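Here is a friendly walk through a two-chain model and its ligands.

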Number of protein chains: 2
Amino acid sequence: DRVEDIIPENHIAHYDLNKLHSTAEAALNKEHVLILTPMQTFHQEYWDNLLQLTYPREFTELGFILPRTSSGDIALSKLEAAVKKVQTDKKNQRFSKITILRQNSAGFDKLMEKERHALEVQKERRSAMASARNELLFSSLGPKTSWVLWLDADIVETPPNLIQDMTSHNKAVLSANVYQKYYDDQAKKVQIRPYDFNNWQESDTALELAKQMGDDEILVEGYGDLATYRALMAYFYDATGATNAEMNLDGVGGGCTLVKADVHRDGAMFPTFPFYHLIETEGFAKMAQRLNYDIFGLPNYLVYHIEETNT
Amino acid sequence: DRVEDIIPENHIAHYDLNKLHSTAEAALNKEHVLILTPMQTFHQEYWDNLLQLTYPREFTELGFILPRTSSGDIALSKLEAAVKKVQTDKKNQRFSKITILRQNSAGFDKLMEKERHALEVQKERRSAMASARNELLFSSLGPKTSWVLWLDADIVETPPNLIQDMTSHNKAVLSANVYQKYYDDQAKKVQIRPYDFNNWQESDTALELAKQMGDDEILVEGYGDLATYRALMAYFYDATGATNAEMNLDGVGGGCTLVKADVHRDGAMFPTFPFYHLIETEGFAKMAQRLNYDIFGLPNYLVYHIEETNT
Ligand SMILES: Nc1nc2c(ncn2[C@@H]2O[C@H](COP(=O)(O)OP(=O)(O)O)[C@@H](O)[C@H]2O)c(=O)[nH]1
Ligand SMILES: Nc1nc2c(ncn2[C@@H]2O[C@H](COP(=O)(O)OP(=O)(O)O)[C@@H](O)[C@H]2O)c(=O)[nH]1
Ligand SMILES: [Mn+2]
Ligand SMILES: [Mn+2]
């Protein structure tokens, strides 16, 4: 029941998508995982964390997309050096494939940030991010991919069994809870705080707000201007609760989100245009729902976003 | 300025999507074309027509998706034999890659056709087709693809320079006019008639109809129950007109439609759910428009759909 290429010497590849599975026992079943990362900055901590993941590398593929800006140039050369090192090292330690893409669509221009109202900037930024994610997804998803792990380039700490842990829930879409470690000057120690507010459950208020919006307006979570009263997973973290506790979600972020490849293959992508007044990863979640998939989050399963004093 | 793999021996592939072009001189610029065909039945005439296309095969990739039904089994074995023949023949006559997928999503069950009202059946069929197209697209589009030609398995006659002709228009989305040849018993000769009514320009009437529809209702072109007054490209054929005449379109069919790969990479797929009350290829056209692409058709550029006495 393995998915095999036939007659590859003649450039014929034959795959039965019906025999391609995404199960709770991904590693055991040798399911291929594609880790996708849009990368504006190369953080060594991200890379070190990636290398400590225990999912078998022979079944792990990596895909990166970098903006064609000067920060993208810098990130690219660092990424290339890191990638070259691991892929020329011991054969059994290599990833099955690494794709590095330079982005076609315009990256978000940092200079604009001060000139414009934050919410407006946020819309453009999210739309640019959606384009980058789509380019990466459409170019790298293959007929052997069982799972896609969206992992942002500034996620610097995750459990080593991240992929095994998350696949074991066997969900179509599943988000980890993205927190941040910071040094608390008063308490004089490292503390944690919620970071990503894109993982949420829908509220009647937000639906009501959306109804009153013009066709092309979007509702971005995490902006004070609009009180949505959505239930944000970031606030559902319970330090004493089971790490495998699940909650239903309606919107997700892209920080650390696992997706069954079939969800994307059925058409779920990252809308750059308002889709039910949502874009990017939140629009993706809505699209997955329209394709009849259920979305979940793990409120007590924490991964950490980098803390940068200067962005 | 060519797009190249680097260090492929280490499974690292590096692509600059910004240097990947889709131009009016596709063959000259060695642009890769991916021909995608959902296939329920293998028609020898389709295959023979495909083999007579003059676009360089070294830049032509093929992708097929077949339903997992008994008719899919039959088509698969015929397709495999045909594919094997060409890919083991002279090296310089081989296609650069051929991917054959067996569909995961349920194919449309022919048995239901008689039991249900035609419009209802049409909706289910179009939705199943959309799933098949998405599975094929997401699994086969690669970082080197410049163009995607959607070519149905029952298109049996096209000009040999189809790809050069169509790419020369340099449009984001461009549909040929799908006609059918048939034997006219009265005139005692072969005549032609319009076949595909999914290539159309929007009308105020259709927009008005859509406005009055429930959120989940769809508007399928070509069904008598609903007079949409859309301008159907099928009726704009002028035997005396220039074959390169263009017209704006708002909806397209999948019979013979050329798409710049960037349109798909930006996220345009085939909605299985109502998107502006449209699904499948018509929904794709709307999505391409939402991504700011313009859509065109070639009313005088004819390709032919098979005529089958049974089916
Ligand atoms: N390819 C690409 N990646 C980007 C761009 N902007 C940000 N990123 C990356 O996308 C991810 C999310 O962006 P970030 O600014 O961290 O968003 P935030 O954490 O939600 O504020 C990170 O991995 C960034 O490195 C861009 O313009 N192009
Ligand atoms: N993979 C797949 N292909 C299909 C299925 N049904 C039809 N097709 C193919 O999809 C294309 C369009 O279908 P067809 O029935 O000819 O549509 P029509 O010409 O618009 O009536 C043709 O190439 C068919 O062979 C299906 O269930 N799965
Ligand atoms: Mn971030
Ligand atoms: Mn047909």
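An oxygen atom of ligand 1 sits 3.2 Å from an N or O atom in the side chain of A:His305. That is a polar contact, meaning a pair of N or O atoms within 3.5 Å; within protein, one must be able to donate a hydrogen and the other to accept it, and residues adjacent in sequence count only if both atoms are side-chain atoms.

A word on conventions: this is a predicted model, in which local features need pLDDT of at least 70 and side-chain atom pairs count only at pLDDT 80 or more, while totals for chains, interfaces and linings use all residues. Residues are numbered from 1 along each chain as its sequence is written, chains are lettered from A and ligands numbered from 1 in the order in which they are written, and side-chain values use heavy atoms, with hydrogens and water left out.

**The ligand sites**

Around ligand 1 there are 18 residues, of which A:Pro38, A:Gln40, A:Gln103, A:Ala153 and A:Asp154 come nearest; here a residue is near if one of its heavy atoms lies within 4 Å of the molecule. Ligand 2 is surrounded by 18 residues too, the closest being B:Pro38, B:Gln40, B:Gln103, B:Ala153 and B:Asp154.

| Ligand | Residue | Atom of the residue | Distance |
|---|---|---|---|
| ligand 1 | A:Pro38 | polar backbone atom | 2.7 Å |
| ligand 1 | A:Asp154 | polar side-chain atom | 2.6 Å |
| ligand 2 | B:Gln40 | backbone N or O atom | 2.8 Å |
| ligand 2 | B:Asp154 | side-chain N or O atom | 2.5 Å |
| ligand 2 | B:Tyr195 | side-chain N or O atom | 3.3 Å |

**Where the chains meet**

How much area do chain B and chain A bury between them? About 4400 Å², with 56% of it on carbon and sulfur atoms; buried area is the accessible area (1.4 Å probe) that two parts lose on being put together, summed over both. On the chain B side, B:Phe138, B:Phe273 and B:Arg290 lose the most area to chain A, together 15% of what that side buries. Each chain gives 55 residues to the contact, defined as heavy atoms within 4.5 Å.

The interface holds two salt bridges, each a side-chain nitrogen of Lys or Arg within 4 Å of a carboxyl oxygen of Asp or Glu. One of them joins A:Arg290 to B:Asp216 at 3.0 Å, N to O.
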